[in-house]
Amino acid sequence: MEENKITIQDILALKGKRKITMLTAYDYPLASLIDNAGIDMILVGDSVANVVLGLDSTTKVGMTEMIHHAKAVTRAVKHALVIGDMPYESYQVNPADSVKNARRFIEEAKCDAVKLEWFDRCLEVTEQIIKTEIPVMGHIGLTPQTADKLGGFKVQGKDARTAKRLIEQALALEKLGCFSLVLECVPDKIAEMITKNLKIPTIGIGAGINCDGQVLVTHDLLGLFERFTPKFVKKYINLAPMISQAIEEYKKEVIEGKFPTKNHSFTIKEEELKKLG
Ligand code: KIV
């Protein structure tokens with residue numbers, strides 16, 4: 001193992017000491033940049049479906065794609081804890097396959113942990129995976145894989161009844177041994193309440209400032225995903241127009257014969273050229 005590799009114990013120990021940072025990555029170059037910046041955890045998220053593969057739902061990405069992306073990320077990462085996001089087909093379609101699929105993330109893709117979203121058989125599946133000593137991160141609130149059952153992509157836990165249900169889910173996942181919990185699109189006061197009630201760290205996305213840590217989809221943060229921008233996203237840079245401008249410039253220079261210049265070309269000695277007649 002790398003010397004400074006972040007462990008599950010390190011993540012647990014950060015609760016109450018300093019905020020935990022997490023971002024998504026699906027490929028080698030971005031995973032390297034994120035790791036070099038010292039981000040604590042990298043999620044190979046099934047959001048790859050939306051922001052990279054052009055699909056309209058995360059349920060449309062499967063194990064083949066997730067393992068492919070996870071392998072690229074773990075090749076790059078030296079420090080961060082890498083979490084493989086279990087795709088819908090890997091545990092919700094047939095819960096009996098969940099342990100085998102979780103193990104693929106650890107053994108084939110060399111991830112350190114897996115994440116799975118809340119669904120009606122979540123506790124049973126989480127328990128089975130944890131029993132095999134694979135670390136699990138839970139995910140409650142807005143769970144995109146089952147958003148249709150939650151009334152769409154909406155904030156969850158906005159009334160006392162549904163908020164109580166979220167608190168119960170969080171406590172149940174902690175009791176089973178999850179090492180951390182993503183809270184997605186939850187009112188800030190409810191996220192704060194859950195965070196205070198748990199010993200394990202909460203990682204918020206659209207869940208306010210009082211979670212133990214924060215996660216964003218990196219393509220949102222960088223302005224690389226233009227189809228929609230949720231309210232909870234902060235674009236720290238808007239790369240899409242900058243990339244478009246660079247591509248336009250390249251196109252213009254190729255058409256006008258301005259690229260490549262001598263500096264981008266290779267030479268052959270005159271005497272060798274002469275030999276060709
Ligand atoms: O797939 C993903 O990117 C996620 C984060 C939004 C937590 O699950």
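This is a predicted model: local features need pLDDT of at least 70, side-chain atom pairs count only at pLDDT 80 or more; totals for chains, interfaces and linings use all residues.
Residues are numbered from 1 along each chain as its sequence is written, and side-chain values use heavy atoms, without hydrogens and water.

Next I listed the residues around the ligand, among them Thr24, Leu43, Gly45, His139 and Glu184; the cut-off is a heavy atom within 4 Å. I then checked polar contacts (N or O pairs within 3.5 Å). Serine 47 has a side-chain N or O atom 2.5 Å from a ligand oxygen. For aspartate 46, a polar side-chain atom is 3.0 Å from an oxygen of the ligand. Lysine 115 also places a polar side-chain atom 3.0 Å from a ligand oxygen. On its own the ligand has 260 Å² of accessible area, and the protein covers 95% of that. Areas are Shrake-Rupley, 1.4 Å probe.

**Salt bridges.** I found 15 of them in the structure; each needs a Lys or Arg side-chain nitrogen within 4 Å of an Asp or Glu carboxyl oxygen. I picked out lysine 5 with aspartate 112, closest N and O atoms 2.9 Å apart. Lysine 5 precedes helix 1 (8-14) and aspartate 112 is in the loop between helix 6 (98-107) and strand 4 (113-117), so the pair ties together parts 107 residues apart in sequence. Helices are DSSP runs (H or I, at least four residues), as are strands (E, at least two).

**Backbone.** I checked the bond joining phenylalanine 259 and proline 260: it is a cis peptide, omega about 0°. Proline 260 lies in the loop between helix 11 and helix 12 (270-275). Glutamate 133 has a positive phi, near 70°.

Notes. A polar contact is a pair of N or O atoms within 3.5 Å; within protein, one must be able to donate a hydrogen and the other to accept it, and residues adjacent in sequence count only if both atoms are side-chain atoms.
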